[in-house]
Amino acid sequence: MALAKEQGVQLFFVMPPKLGKYYRNIYATFKALPSGVTIDLSHPDQYPQFYDLEHSFDGGHLNMKGALLFTKKLAEEFSKRL
């Protein structure tokens with residue numbers, strides 16, 4: 001992060017939905033990052049659309065409809081941080 005800042009690069013770390021068994025380990029690291037560089041889209045209570053079967057390809061991936069919803073929400077959250 002320090003090297004990116006020196007180079008004028010702004011990093012953002014995204015926590016995606018549907019991580020399954022990997023969620024706990026990844027989320028602990030994610031929460032240790034400074035809040036200004038994180039975008040958390042992983043919570044089913046906040047983003048139920050990402051967990052809807054209609055938007056799923058399989059247990060860990062979104063289909064095209066789900067990916068479009070995710071990309072739209074990610075863009076909204078990203079624009080709030082610029």
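1. Of the 82 residues in the chain, 27% are buried (buried is under 20% relative accessible area, exposed over 50%, partly exposed in between, using a 1.4 Å probe and protein chains only). Please keep in mind that this is a predicted model, where local features need pLDDT of at least 70, side-chain atom pairs count only at pLDDT 80 or more, and totals for chains, interfaces and linings use all residues. Residues are numbered from 1 along each chain as its sequence is written, and side-chain values use heavy atoms, with hydrogens and water left out.

2. Three helices and four strands make up the secondary structure, in the order α-β-α-β-β-β-α along the sequence. Helices (H or I, at least four residues) and strands (E, at least two) are DSSP runs, numbered from the N terminus. The C-alpha trace spans about 45 × 25 × 20 Å along its principal axes.

3. Now to the aromatic rings: five pairs turn up in a search of the whole structure. Rings of Phe, Tyr and Trp (its six-membered ring) pair if their centres lie within 6.5 Å; planes under 30 degrees apart count as stacked, over 60 as edge-to-face and the rest as tilted. Phe 12 and Phe 78 are edge-to-face, because their planes stand at 75°, with ring centres 5.0 Å apart. Phe 12 sits in the loop between α1 and β1 and Phe 78 in helix α3 (residues 64-80), so this pair ties together parts 66 residues apart in sequence.

4. Phe 50 and Phe 70 make another edge-to-face pair, at 5.6 Å centre to centre and 70° between the planes. Phe 50 lies in the loop between β2 (38-40) and β3 (56-58), and Phe 70 in helix α3, 20 residues away. Are these two residues buried or exposed? Phe 50 is buried at 0% relative accessibility, and Phe 70 is buried at 15%. Elsewhere, Tyr 23, Tyr 27 and Phe 30 form one aromatic cluster.

5. Lys 18 deserves a look. This residue, in the loop between β1 and α2 (23-31), is buried without a salt bridge, and the nearest side chain of opposite charge, Asp 58, is 6.0 Å away (Lys and Arg count as positive, Asp and Glu as negative; His and the chain ends are not counted). What does the side chain of Lys 18 contact instead? The side chain of Ser 56 meets that of Lys 18 in a polar contact of 2.5 Å (a pair of N or O atoms within 3.5 Å; within protein, one must be able to donate a hydrogen and the other to accept it, and residues adjacent in sequence count only if both atoms are side-chain atoms). The backbone oxygen of Asp 58 is also 3.2 Å from a polar atom of the Lys 18 side chain.

6. Salt bridges number five in the whole structure, each a side-chain nitrogen of Lys or Arg within 4 Å of a carboxyl oxygen of Asp or Glu. Lys 65 and Glu 54 form one at 3.0 Å, N to O. Lys 65 is in helix α3 and Glu 54 in the loop between β2 and β3, so the bridge ties together parts eleven residues apart in sequence.

7. Glu 77 bridges to Lys 80 at 3.0 Å and to Arg 81 at 3.2 Å. Shared partners join Lys 73, Glu 76, Glu 77, Lys 80 and Arg 81 into one network. Within it, Glu 77 is buried at 9% relative accessible area, while Lys 80 is exposed at 58%.
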